[in-house]
Amino acid sequence: MKIWKSVRTLSLIIIGCLALQGCVIDAAADLAATTVLTAGKLVVKGTGAVIDAAIPDKKDKKRKIR
């Protein structure tokens with residue numbers, strides 16, 4: 001009787017560990033995706049800022065001429 005109780009407890013612990021392992025993998029994948037998307041946004045914003053700084057705006061030239 002005592003052995004079956006131990007086996008049942010051990011099997012519940014194993015099932016719990018396997019179920020939580022899926023949550024950890026999901027959280028790690030979500031973190032990786034968020035990091036990649038955030039880095040991509042920063043690169044695009046930085047590139048846009050450099051281009052805006054390097055290429056003068058046509059509207060500014062028209063205002064200076066008048």
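Guide: What follows is a look at one helix and some of its residues. This is a predicted model, in which local features need pLDDT of at least 70 and side-chain atom pairs count only at pLDDT 80 or more, while totals for chains, interfaces and linings use all residues. Residues are numbered from 1 along each chain as its sequence is written, and side-chain values use heavy atoms, with hydrogens and water left out.

The chain has two helices and zero strands (DSSP runs numbered from the N terminus: H or I of at least four residues for helices, E of at least two for strands). Helix α1 has 53 residues and spans 78 Å from first C-alpha to last, close to the expected 78 Å (1.5 Å times one less than its number of residues). Zero of these residues are buried, so α1 lies largely in the open (buried means under 20% relative accessible area, exposed over 50%, partly exposed in between, with a 1.4 Å probe and protein chains only).

Thr 35 is found in α1, which covers residues 2-54. Thr 35 is partly exposed, at 48% relative accessible area. Its side chain reaches the backbone oxygen of Leu 31 at 2.8 Å.

Ile 3 is also part of α1. With a relative accessibility of 65%, Ile 3 counts as exposed.

In the chain as a whole, which has 66 residues, buried residues make up 0%.

Note on methods:
A polar contact is a pair of N or O atoms within 3.5 Å; within protein, one must be able to donate a hydrogen and the other to accept it, and residues adjacent in sequence count only if both atoms are side-chain atoms.
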